[in-house]
Amino acid sequence: QVQLVESGGGLVQAGGSLRLSCAASGGTFSTYHMAWFRQAPGKEREFVAGISWSGGSTYYADSVKGRFTISRDNAKNTVALQMNTLKPEDTAVYYCARGRRTFYSGRGAYFPNEYDYWGQGTQVTVSS
């Protein structure tokens, strides 16, 4: 059974930075595309950033492009999300997720139903 555990969330002022990390265990990690999603109160879960199984391709929501960077370390079974220039509208619970397909770039995988394992989430709060 695959387990994903996020860490690194917290409270930060607008303009600040946070780095989220997701550690995978109990299953295969390196051959699956991964992504970060977020969900704010009263809103649907939305795609934030995705990365191919090899790490060679990355994808971002328009709202975070240029501010967030996704990366992965297949040797350590981790995926990270570096978040810079944070805004109050970035406030949400952030989730990492493992894609359903192996050896896939992740291109176009922007919906939750394309991911089969999820972490428990980590809260990010950005104050104005």
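Two strands count as paired if DSSP finds at least two bridges between them, and the strands themselves are DSSP runs of E with at least two residues, numbered from the N terminus. The structure is a predicted model, in which local features need pLDDT of at least 70, side-chain atom pairs count only at pLDDT 80 or more, and totals for chains, interfaces and linings use all residues. Residues are numbered from 1 along each chain as its sequence is written, and side-chain values use heavy atoms, with hydrogens and water left out.

Strand 7 (residues 68–73) runs antiparallel to strand 8, to which six bridges join it, and within this pairing R72 stands opposite V79. The two strands form a hairpin with four residues between them, where N77 takes a positive phi near 55°. Strand 8 (residues 78–83) also pairs with strand 3 (residues 18–25), again in the antiparallel sense and over six bridges; here M83 is the bridge partner of L18.

Strand 9 (residues 92–102) takes part in a further set of antiparallel pairings, one of them with strand 4 (residues 32–39). The partners of strand 9 are set out below.

| Partner of strand 9 | Bridges | Sense |
|---|---|---|
| Strand 4 (residues 32–39) | seven bridges | antiparallel |
| Strand 10 (residues 115–118) | three bridges | antiparallel |
| Strand 11 (residues 122–127) | three bridges | antiparallel |

Individual residues illustrate these pairings: V93 of strand 9 lies opposite Q39, A97 stands opposite W118 in strand 10, and A92 has V124 in strand 11 as its bridge partner.
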